[in-house]
Amino acid sequence: MLAYIGGILIAAGTARAQLNEGQYYLRTLPDVPIVLVDGSKTTLHRLFQSQSVILTLFSAHCGGLCSAYLLYLRQALGSTPTGFRVVVLSFDPRDTLADVRVLTQRLALAEHPSWQWGVMDPEQIPRLLAGLGYALRYDPTRNDYDHSIVVFVVDRQGNILRRMEGFQDPALLKDLVREARGNFVFSYPLPATDVALRCFDFDKETGTWRLSWGMALLLLPPVSSLAIALLLRLLVALEQFRAADSSS
Amino acid sequence: MTALNRITAAWIVTVLLVFPIAILFGILMRLNQGNALSLSSLTFYALMTAHGLLMVGIWFSMAMAGVSYLLQRYVEVRTWPITFGYVLTLVGVVLLLAAIFVGGLHTGWYFLYPLPFYARTTSWAPPVFLLALASLGVAWLVWALGLLMAILRRYSLGQALAWQHLTGKTEPETPPFILITTTTLLGVLPAFVAAVVVIVLFALEYWGGLKQDALLMKNLTFIFGHTLVNEMLYFGIATLYELFPGLAGKPPYKTKPFVALAWNLVLVVVWTAYFHHLYMDFVQPVVLQYIGQLASWIAPIPAVAVTTFSVLATVYGSGMKWWLAPTFFFTGVMFWIIGGFAAILDAIVANNFVLHNTLWVPAHFHTYNLLGNVLFSLGFITWFVREKSGDDSGRLYRPVATLYLLGGTGFVFAFYIAGSASVMRRVDKYPELVSSGSLWALIGGLFAILVFAATLLYVAHAIQRCWRILAAS
């Protein structure tokens, strides 16, 4: 337990110092042992081997957001996702397999093989949390944890591809799913008002866009070059006219 | 000793002094990627920025200097725009190196928005960098306008572009050198205009806080950078058209209708070929992606096909005496074909998604620059040195040609192999996922040392003789 608490403190410290999402990108997660809800033993990397995975963590004892967040995930990802799997692991050393089974039944996800639930040895939990940059703090007054609610996209080699914190627009979660399936996901800045010249104007209300003056600026270089060439020709003609005039 | 000789010799000395330093930067980068060195990331990216900008800057200038010198065969060339270009280029380079090595600027040579605002060590580096760019832009713009004006004093615009040859007329005759130089000068003007616009937009954000549109900035930056490096190559081709037949003991090339058509096509198409750098910018209008794909295919075919045919026909049955100058020109054309082919492969949309962020890209641009464009300019320099000093660099022929070509081939080969293994570009160290990149970087770095050795031999020889030209004046 001491090792667990020490590890949690290190993990929490690491997470606070490294808020930059980019620092976790392509980081390979530790291959920690897992006990699945059916009692079988495996390791984290074996869970990733056959398909990309959306990974999230929870506590069955959580009196806060865990259940709500898992319901949100179920709604957004579906109970029988295709092309990827959802791996849900407990970060709480108090959780037993029986606790997890009760939770899966309550969420109506117990019978869905695409959702894999598991617990870890308490000494292994900090290793995984540090690898994920998962923020966790035990609050003795509530006898509960303050923790991140976050999902990760992990590839078949156990590398983190993306992470997304909190309750986000389900459309963004669907992007995660597409990324987990190996599809290219577009990303773009939201329209801002303080941009000088944009290539496009985007209407947030209707979702339509149209070309803007910035794109017209791209015509300036070739057009001005032709104008410069013609101007030079005129200058030369003028020069020659003056020379002819002075010689006559 | 004419002023044109002096300024040409001054350009040669300056370019050849900077060239080995820029090569050394490249070697350090490859050895670092090969884990033989351990540079900080900041140092690596500063070297990458300096290497790219210096190489493009010096060889664009040298190509222009060669064309400026040869232009006197047809028109009266005034030296003040060239001298103005020389002085302002030096100012620009000094500012650039200060921004990079003192100011910690490390944007990469394309300085994509908003990277110039992220100089890590100082706040003055971005404005100094913009000033350096402005200095280089003004230098080359005035120089290019000076050359264009010189041509237009003798030829009308239509004649300079050989439009009369398009209809089969043979008079008035437009030499291929004038045609290619004119299309290249007209082609490079948009690059300078785009540079001005980019600098203004950067300045508006830096001093005025007015944010810019990243897509617009990327388009403008590539109109500048991509067009500049393409036109640089065409200046080299103009030099080749002018000198190569003479080196083979054959009469000068004539402008045939297909030659006129090819280079007029290049003039238009090269402006739009840069779109292939934005295939992955999904918000770019799709029609521009189609134009980019077509232009990328069309742009090199006329120029490469026509030039290659001309060069091979010239060499065939000529009894050419091979020394450094013709060897540089001939091998330059051959590697231009190889690099151009690799570029076209990358410019195909489907391939681009696999290749574009890999070392395939440095592979192809090093092929037609290090082994193409640079060789065209070295061919001119070797010819110039012989013209002025009578020394045909005979002693250097075997060691320089062997070391340079062997080293250069091995160097780009390492890039190609790593690129086809999906090793990413623009990183200082390779992650375990693409660890083969380190081995190929080390191999590439070792081959680059052969190029460096050849360059030192050649530079010592050429600078000595050009210095005599300067001292004599």
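## The sheet of chain A

In chain A, 7 strands form an open sheet with mixed pairing, in the order β2-β1-β5-β4-β3-β8-β9. Strands (E, at least two residues) and helices (H or I, at least four) are DSSP runs numbered from the N terminus, and two strands pair if DSSP finds at least two bridges between them. The edges are held by β2 (41–43) and β9 (160–165) of chain A, each with a single partner strand, so one side of each is left without a neighbour in the sheet. On average, neighbouring strands of this sheet are turned by 30° against each other, direction ignored.

Strands β3 (residues 53–58) and β4 (residues 85–90) of chain A run parallel and are joined by 6 bridges. A:Ile54 has A:Val86 as its bridge partner in β4(A). Helix α3 (residues 66–77) of chain A lies across β3, β4 and β8 (150–154) of chain A and runs at about 160° to β3(A). Such angles run from 0 to 180 degrees between N-to-C directions, with axes fitted as lines to C-alpha atoms, for helices over the stretch in contact.

## Basis of the model and its confidence

This is a predicted model, in which local features need pLDDT of at least 70 and side-chain atom pairs count only at pLDDT 80 or more, while totals for chains, interfaces and linings use all residues. Residues are numbered from 1 along each chain as its sequence is written, and chains are lettered from A and ligands numbered from 1 in the order in which they are written.

The model scores ipTM 0.80 and pTM 0.79. Chain A has a mean pLDDT (the predictor's confidence in each residue, from 0 to 100) of 82, with 87% of its residues reaching 70 or more. Over residues 7–19 of chain A, pLDDT stays under 50. Where pLDDT is low, the predicted coordinates should not be read in detail. Chain B averages a pLDDT of 91, and 99% of the residues score at least 70. Within chain B, confidence is highest in helix α1 (residues 3–33), at a mean of 96, and lowest in helix α11 (residues 300–315), at 83.

## A hairpin in chain A

Strands β6 (residues 136–139) and β7 (residues 144–147) of chain A pair in the antiparallel sense over 4 bridges. In β7(A), A:Asp146 is the bridge partner of A:Arg137. The two strands form a hairpin with 4 residues between them, and A:Asn143 in the turn has a positive phi of about 55°.

## The helical chain B

Chain B contains 16 helices and 0 strands. Its radius of gyration is 21 Å, close to the 23 Å that the globule rule gives for 473 residues, so chain B is as compact as a globular protein of that length. The radius is taken over C-alpha atoms, and the rule is 2.2 Å times the number of residues to the power 0.38.

## The contact between the chains

The contact takes 26 residues from chain B and 24 residues from chain A; two residues are in contact if their C-beta atoms, placed from the backbone, lie within 7 Å. On the side of chain B that touches chain A, α4 (125–154), α7 (176–208) and α8 (214–247) of chain B each supply at least two residues. The largest share, 8 residues, comes from α7(B).
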